[in-house]
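Please read the following account with the sequence and the 3D view side by side.

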Amino acid sequence: MKKILILSVLLQALTLSAFAQDWAELARYQEANQALLAGEEDPSRVVFMGNSIFERWESTCPEFFAGSYVCRGISGQTTPQMLIRFKQDVVHLNPSVVVILGGTNDIAGNTGPSTLEMIEDNLSSMAEIATANGIKVVMCQLLPAYSYGWAPDVDPRQDIIDLNQWIKEYADAHGYPCVDFYTPMVNPFKALKVEYSVGDGVHPNEAGYAVMAPLVDAAIEQAMAGSGIAAQAADPGIEIWGGKSVIHVKTQAADHLSIYTPDGVCVAEYDLPAGISNLNMAPGTYLVKSLKSTRKIQVR
């Protein structure tokens, strides 16, 4: 018995050591990536970057990924892990579109405590890397979950709602299509509908994926057609998006901003140097006018 216990401890230690050496699981898709790149270039390739929701999608509905769709989901992963492997598992595959879904494992605390702001930073960083490499972005809102079986002390319901709100606002502000997986799959208790769950209240079954498929297909078509929110891409020298009581501005050159309430009252004007500025604003809806474009921003 003592030998068995010692062996068990050693095996656990080896497993933890291996995980620590490849924390982001970069080895998971290395061979698959090499095989994909050895084949013919696919101009309509779409990479699904995410966690077990995407990984299980491929195993549950392999026909969905039989064409140009490529799954790069890893069970249990958090957004910092996804960010580390984003260039390897997305950018280097030269897709036309990336579909990004992540955050629920962060809320569960899979790789340690995480704030919503930390998740938002990681999601936006992935989107920025994709955009900088000419890859069109589709953002996905999280599926509902009442609780996590592996983290019973966590109540994720409000965090999921808040993160989904940010994802929608961020996608809208940057002209990215946004897939709402939450609304059609949630029940009155802010949980995943029983008919769409494998039984754990977190992962969808085949019926759940049947709901998700046309939603993401439509968003991918929209991204490929370049039909995000075109008016918000009118000024390539400036990016503006809303956040928690802050308007974030990134400029490539000096610019001037005027900020108006919906009824046309100018509440602020700024002369901005090149770089990033964070402008403190009261929560609400604003019209933000730069030298070349006007867009609506929601600050919460």
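Helices (H or I, at least four residues) and strands (E, at least two) are taken here as DSSP runs, numbered from the N terminus. By that count the chain has 9 helices and 12 strands. This is a predicted model, in which local features need pLDDT of at least 70 and side-chain atom pairs count only at pLDDT 80 or more, while totals for chains, interfaces and linings use all residues. Residues are numbered from 1 along each chain as its sequence is written, and side-chain values use heavy atoms, with hydrogens and water left out.

Two totals describe the chain as a whole. A residue is called buried under 20% relative accessible area, exposed over 50%, and partly exposed in between (1.4 Å probe, protein chains only). Of the 300 residues, 46% count as buried. A contact means heavy atoms within 4.5 Å. Among contacts between residues at least 6 apart in sequence, 66% join residues at least 24 apart.

Next comes the sheet. Strands of a sheet pair through backbone hydrogen bonds, either parallel or antiparallel. Two strands are taken as paired if DSSP finds at least two bridges between them. Here 5 strands form an open sheet in the order β2-β1-β3-β4-β5, with parallel pairing. The edges are β2 (69-73) and β5 (178-179), each of which has a single partner strand, so one side of each is left without a neighbour in the sheet.

Strand β1 pairs with β2 in the parallel sense over 5 bridges, and methionine 49 stands opposite arginine 72 in β2. How many of the residues of β1 are buried? The count is 5 of 5. Val46, Phe48 and Gly50 lie on one side of β1, Val47 and Met49 on the other, and both faces are covered.

In soluble globular proteins, nonpolar side chains tend to be buried together. A nonpolar core is a set of buried Ala, Val, Leu, Ile, Met, Phe, Trp, Tyr and Cys residues joined through side-chain atoms within 4.5 Å. The largest such core holds 81 residues, and Phe48, Trp57, Met139 and Ile247 touch the most other members. Not counting residues up to four places away in sequence, the residues touched by isoleucine 247 include Trp241, Ile259, Leu279, Met281 and Val299.

The charged pairs come next. A salt bridge is a side-chain nitrogen of Lys or Arg within 4 Å of a carboxyl oxygen of Asp or Glu, and the structure holds 4 of them. One joins arginine 28 to glutamate 55, at 2.8 Å from N to O. Arginine 28 is in the loop between α1 (2-21) and α2 (30-38) and glutamate 55 is in helix α3 (residues 52-60), so the pair ties together parts 27 residues apart in sequence. Another links lysine 168 with aspartate 172 at 2.5 Å, N to O. Both of these residues belong to helix α8 (residues 157-174) and are 4 residues apart, about one turn of the helix.

Buried or exposed: which describes aspartate 89 and arginine 85? Both are buried, and they form a salt bridge whose closest N and O atoms are 2.8 Å apart. By contrast, lysine 168 is partly exposed, with a relative accessible area of 35%, and aspartate 172 is partly exposed at 24%.

Arginine 45, in the loop between α2 and β1, is buried yet has no salt bridge. The nearest side chain of opposite charge (Lys and Arg count as positive and Asp and Glu as negative; His and the chain ends are not counted) is glutamate 41, 4.6 Å away.

Two loop residues remain. Most residues other than glycine have a negative phi. Asparagine 94, in the loop between α5 (86-89) and β3, has a positive phi near 55°. Lysine 190, in the loop between β5 and α9, has a positive phi of about 65°.
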